[in-house]
Amino acid sequence: MERKYYICGQRPVIVEIYKTHRDYLAMNWDTTVFEENFRYAHQINFDPSGDVEEVNKEEFEAYVQKLRTKKGFN
């Protein structure tokens with residue numbers, strides 16, 4: 001499995017890539033836990049004008065940490 005990391009608008013999204021499918025995991029704003037959410041599949045793959053930025057793992061983790069701290073989860 002390969003992972004790619006995105007910021008869609010302000011929401012962090014992880015894409016887990018398998019041979020047969022992809023899983024899209026978006027951060028739940030209330031719990032800060034990543035949950036399956038296929039809403040972002042189209043935005044990441046087919047919307048060139050969408051507000052999507054692919055980032056590396058370190059940038060992604062720093063951004064997630066910042067959000068969790070802001071929401072009082074750390």
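Two strands are taken to pair if DSSP finds at least two bridges between them. In this predicted model, strand S2 (residues 11–17) and strand S3 (residues 22–27) run antiparallel and are joined by five bridges. Within that pairing, glutamate 16 has aspartate 23 of S3 as its bridge partner.

**Overall architecture**
- The protein contains two helices and five strands, which follow one another from the N terminus as β-β-β-β-α-β-α.
- The radius of gyration is 12 Å, close to the 11 Å that the globule rule gives for 74 residues, so the protein is as compact as a globular protein of that length.
- The C-alpha trace spans about 35 × 25 × 20 Å along its principal axes.

**The sheet**
- The five strands form an open sheet in the order S4-S3-S2-S1-S5, with antiparallel pairing.
- Strand S4 (34–36) and strand S5 (52–55) lie at the edges; each has a single partner strand, so one side of each is left without a neighbour in the sheet.
- From one strand to the next, the twist averages 30 degrees.

**Helix packing**
- Helix H1 (residues 39–46) packs on the sheet and touches strand S1 (2–8), S2, S3 and S5, its direction making about 105 degrees with that of S3.
- Helix H2 (residues 57–70) also packs on the sheet, where it touches S1, S2, S3, S4 and S5; the direction of H2 makes about 140 degrees with that of S2.

**Burial, contacts and surface**
- Of the 74 residues in the protein, 36% are buried.
- Among contacts between residues at least 6 apart in sequence, 42% join residues at least 24 apart.
- The protein exposes about 5,000 Å², of which carbon and sulfur atoms supply 46%.

Note on methods:
Residues numbered from 1 in each chain as written. Predicted model: local features only at pLDDT ≥ 70, side-chain atom pairs only at ≥ 80, totals over all residues. Heavy atoms only, no water. Helix = DSSP H or I, 4+ residues; strand = E, 2+ residues; numbered from the N terminus. Axes fitted to C-alpha atoms, helices over the stretch in contact; angles between N-to-C directions. Contact = heavy atoms within 4.5 Å. Rg over C-alpha atoms; globule rule 2.2 N^0.38 Å. Buried < 20%, exposed > 50% of the residue type's maximum accessible area, 1.4 Å probe, protein only. Areas by Shrake-Rupley, 256 points an atom, 1.4 Å probe, with all protein chains shown as cover.
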